[in-house]
Amino acid sequence: MSKVQEFQGGSGLDMQPMGSTNMEGMPGEEGGDENKERGNWTGRFDFILSAIGFAVGLGNVWRFPYLCYSNGGGAFLIPYVIMLAVAGLPLFYFELSFGQFANLGPVTIWRASPILKGTGWAMVSISALVCIYYNIIIAWSLYYLFASFNSAVPWRNCDNEWNDLRCRDLTQNTTNATHNVAGNLKAGFNPNPMPCNATITVNCTKYQTPSEQYFDRVVLGYTSYTGVDRKMTEFIGVPQWHVTLCLLLAWILVYVCLVKGIKSSGKVVYFTATFPYVVLIILLVRGATLEGALDGIIFYLKPDFYRLADSKVWSDAAVQIFYSLGVAFGGLMTMASYNRFHNNCYRDALVVAVINCGTSVFAGFVIFSVVGFMAKKTGLAVADVATQGPGLAFIAYPEGLAAMPVAPLWSILFFIMILTLGLDSQFAMMETVLTALADEWPWLKKTFKREALFKMVVCVILFLLGIPICCPGGMYLFTLLNNYSAYYNLFLVSFAELLGVCYVYGIKKFVRDIKMMLGFYPGPYWIGCWMFVTPVMMGFILIFGLTQYGRSSYADEPFTDWGEALAWLMMISTAMFIPGFAIYESCIRGAKEAMQAAAAEAPEWGPAVQKYWPDSRRYQEKLDRLIADREARENAAGLDNGDGSRIDGVDNSGFN
């Protein structure tokens, strides 16, 4: 008999099937905040849209389409869906359930098992690191958005002061007489006009598109106007003032939207979470009318089932699902912690996960319709035009937009979409950091003025930490943060949280908590994934990633030894919170059985709203003990507060 079967049969639990969503008779769904101390989402859609905004981010637009075409086209959807089922969705449901049950952020929630508190701090530190560089992307989007409000986009051709002889606009079907090279080139004498390729590597020119030179030279300052690239071994330079100001504006936007917590951000997401879909539909309709669009879409989806035999394809699918859904960042726990106790988070997990994955596939059509158009205009293969990451959002796609009629309009729409996609994810990660700190030190939010000042200080600190990325050499720092701040450490965090809840806190307790909250037990499928399948999958991804590890680079320049050391320091330092706090929590107890004492749940662990404790015999008994202990202490001290039923550490509102 398997452990899952033994658990079902031996516990006497009447398990609902995987698809059960019986929520009849669940109280507390209407009215004001049931958790008076922390507050709740104003409406059900506040949470749904916030979760969609967090999960549906830039990776859905600039990473998934590239992975799909490079890993077998339509065949990639097979491992993608399988990894969603066995890794992504179980973790998504797990984190929503855990956060909603306790109404606590990712650090304080480990009252369930204090020895695992470092898992929460690891989540918070990862989210903070990502917030630093993620707002840089928002700053770039703002700069491009402002630059698009013109009669023509500034990266439309090679006739600008920042362009040099390497600039080549292939959208112009001409042959330059001076250079005898197809395309519109910067005027001037070039002694080596032939373009470099796989066979010609000397006495040739490595041409760049106008949008590439605009991004490298104007926006980043990585390349000087004379064509000299800044090396990683050189001083990173002084901050680019235009990017720094856009970064400041980005942090002001984040602060204004979060200053009132979920009451303000929950309303902003009604725009930021839905507007990207409006733009995606508009861009798809426009892209579908372009010449060559069908070639791009066929290239995107044409299946190559032989690729399924490659283990890297399965690893890429798992990693994409993991990042796309946003598990192990702490954001899901944080957002779910503001739900009402009886909210159907099981339904929400399914809805958000399906929308997220569907958006990834849909975005591929939008991207590759324009990529196909670019390939047709330039005479290049689709594979030579397609790219991922910032190169897609700020080089390849803007190049395609510049070739369209009324280019500024499409550019404005596209960068508003990038801006809103980035802001949604930034809101959730920042809320994770702020909620974790406020839950641990409640005095930070005792008054609105104090809370507003606290949030301002955090935003200012992260803004200052982001300024070095605004320097000409800052792209190296950006690449380090992008590649390493949330990679192997995320897998370790997810592994720790699953094993911690299933085997330290106890899977029996966890599923009974879910039954108490939702009205039904999670089915054997979910329990099997939480206990065995998903941890094994996390281990596979981690080990495979380590075996495939290679030194990162930017612009074909490998990172130096100190760069690699900094990358590993980021990953190791965040992961070290897990064993570090396990040792600390054990030591402060000072008992012989310190490890056991640190693993046991805290006395105040349970639903945040105390009126729900009597719904479970276990929590009713714990409540009786807490009240009896408090009364005994007060009697011994000769005190009487007149309300022995109030317990520290939980919201006592509504308790009878």
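A residue counts as buried when its relative accessible area is under 20%. Keep in mind throughout that you are looking at a predicted model.

**Aromatic rings**

A pair of aromatic rings is described by the distance of the centres and the angle of the planes. Searching the whole structure turns up 63 aromatic pairs. In one of them, the rings of Y133 and F478 meet with their centres 5.5 Å apart and their planes at 85 degrees, so this pair is edge-to-face. Because Y133 belongs to helix α6 (residues 117–148) and F478 to helix α19 (residues 474–484), the pair ties together parts that are 345 residues apart in sequence. Y133 is buried, with a relative accessible area of 7%, and F478 is buried too, at 2%.

W155 has its own aromatic pair, with Y144; this one is tilted. Y144 lies in helix α6, while W155 sits in the loop between α6 and β1 (168–169), so the two tie together parts that are 11 residues apart in sequence. Y144 is buried, with a relative accessible area of 1%.

Here are the two pairs in one view:

| Pair | Centre to centre | Angle between planes | Type |
|---|---|---|---|
| Y133 and F478 | 5.5 Å | 85 degrees | edge-to-face |
| Y144 and W155 | 5.2 Å | 55 degrees | tilted |

R38 lies over the face of Y338, at 4.4 Å from the ring centre. Likewise, the charged end of R618 is found over the ring of Y619, 4.4 Å from its centre.

**The sulfur link**

A disulfide is a covalent bond between the sulfur atoms of two cysteines. How many disulfides does the structure hold? It holds one, and this disulfide joins C158 to C167, with 2.1 Å from S to S. The angle about the S-S bond is -80 degrees, and the link of C158 and C167 is left-handed. C158 is buried, with a relative accessible area of 0%, and C167 also counts as buried at 0%.

By contrast, C246 is in no disulfide: the nearest cysteine sulfur belongs to C470 and is 9.0 Å away.

**Empty spaces inside**

Rolling a probe the size of a water molecule over the atoms shows where empty space is left. Across the whole structure, three cavities of 30 Å³ or more are found. The largest cavity has a volume of about 100 Å³. It is lined by 13 residues, and those closest to its centre are W41, S50, S265, M335 and A428. Which element gives the largest share of this lining? It is α17, with four residues. By class, the lining of the largest cavity has eight nonpolar, three polar and two charged residues.

The second largest cavity has a volume of about 40 Å³. Its lining includes V61, W62, F368 and L392. Helices α3 (58–62), α4 (64–70) and α14 (345–378) each supply at least two lining residues, and α14 gives the most, with three. The lining of this second largest cavity divides into nine nonpolar residues, one polar and one charged.

Terms used. Residues are numbered from 1 along each chain as its sequence is written. This is a predicted model: local features need pLDDT of at least 70, side-chain atom pairs count only at pLDDT 80 or more; totals for chains, interfaces and linings use all residues. Side-chain values use heavy atoms; hydrogens and water are left out. On a 1 Å grid over the protein atoms alone, a cavity is a set of points where a 1.4 Å probe fits but cannot get out, and a pocket is an open set with protein on both sides within 12 Å along at least five of seven lines; lining residues have an atom within 4 Å of a point. Grid points are joined across faces, edges and corners, and a volume is the space filled by probe spheres set on the points. Ala, Val, Leu, Ile, Met, Phe, Trp, Tyr, Cys and Pro count as nonpolar, Asp, Glu, Lys and Arg as charged, and the others, Gly among them, as polar. Rings of Phe, Tyr and Trp (its six-membered ring) pair if their centres lie within 6.5 Å; planes under 30 degrees apart count as stacked, over 60 as edge-to-face and the rest as tilted. Buried means under 20% relative accessible area, exposed over 50%, partly exposed in between (1.4 Å probe, protein chains only). A charge sits over a ring if NZ of Lys or CZ of Arg is within 6 Å of the ring centre and within 35 degrees of the ring normal. A disulfide is a pair of cysteine sulfur atoms within 2.5 Å.
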